[in-house]
Amino acid sequence: DLAVELEDLFHKSLYMRLVKNTPRGLIESARSFVKDATNARSRGRLFMWKLKQLKQNATIKNAPNT
């Protein structure tokens, strides 16, 4: 479903692997971000960029303060 929504059926296996191994909250956040972007040239690329950004923010927040 994600590959269809992002109009990127060529990378369907990539999205299947991401959904399997990534927390659902991050996937849904990136998905809603792309859904709101109306003039994106490549929805798949935008999704991957946002997902990477969300993962980085999640690791920074979960890192112990030393």
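The largest pocket holds about 270 Å³ of space. Of the 13 residues lining this pocket, Asp 1, Leu 2, Ala 3, Tyr 15 and Val 19 are the closest to its centre. The model is predicted.

### Exercise 1. The lining

Find which helices supply at least two residues each to the lining of the largest pocket, then sort the lining by class.

**Solution**

Step 1. Go through the helices. H1 (2-5), H2 (12-21) and H3 (24-36) each give at least two residues to the lining.

Step 2. Sort by class. The lining has seven nonpolar, one polar and five charged residues.

### Exercise 2. The fold

**Solution**

### Exercise 3. H3 against H4

Describe how H3 and H4 pack: angle, axis distance, orientation, handedness and contacts.

**Solution**

Step 1. Start with the geometry. H3 and H4 (residues 43-62) pack at about 135 degrees, and their axes are 9 Å apart.

Step 2. Classify the angle. Angles over 145 degrees count as roughly antiparallel, and 65 to 115 as roughly perpendicular. The H3–H4 angle is about 135 degrees, so the two helices are oblique to each other.

Step 3. The crossing of H3 past H4 is right-handed.

Step 4. List the contacts. From H3 come Leu 26, Ile 27, Ser 29, Ala 30, Arg 31, Phe 33 and Val 34. They meet Arg 43, Leu 46, Phe 47, Trp 49, Lys 50, Leu 51, Leu 54 and Lys 55 of H4.

Step 5. Sort these by class. The contact has 10 nonpolar, one polar and four charged residues.

### Exercise 4. H2 against H4

Work out whether H2 and H4 are roughly parallel or oblique, then describe their crossing and contact.

**Solution**

Step 1. Take the geometry. The axes of H2 and H4 cross at roughly 25 degrees and come within 13 Å.

Step 2. Apply the cut-off. Angles under 35 degrees count as roughly parallel. H2 and H4 are therefore roughly parallel to each other.

Step 3. H2 passes H4 in a left-handed crossing.

Step 4. List the contacts. H2 contributes Leu 14, Tyr 15 and Leu 18. H4 contributes Gly 44, Phe 47, Met 48, Leu 51 and Lys 55.

Step 5. Sort by class. The H2–H4 contact has six nonpolar, one polar and one charged residues.

Conventions. Residues are numbered from 1 along each chain as its sequence is written. This is a predicted model: local features need pLDDT of at least 70, side-chain atom pairs count only at pLDDT 80 or more; totals for chains, interfaces and linings use all residues. Side-chain values use heavy atoms; hydrogens and water are left out. On a 1 Å grid over the protein atoms alone, a cavity is a set of points where a 1.4 Å probe fits but cannot get out, and a pocket is an open set with protein on both sides within 12 Å along at least five of seven lines; lining residues have an atom within 4 Å of a point. Grid points are joined across faces, edges and corners, and a volume is the space filled by probe spheres set on the points. Helices (H or I, at least four residues) and strands (E, at least two) are DSSP runs, numbered from the N terminus. Ala, Val, Leu, Ile, Met, Phe, Trp, Tyr, Cys and Pro count as nonpolar, Asp, Glu, Lys and Arg as charged, and the others, Gly among them, as polar. Axes are lines fitted to C-alpha atoms, for helices over the stretch in contact, and angles run from 0 to 180 degrees between N-to-C directions. A crossing is left-handed if the near helix is turned anticlockwise from the far one by less than a right angle, and right-handed if clockwise. Contact means heavy atoms within 4.5 Å.
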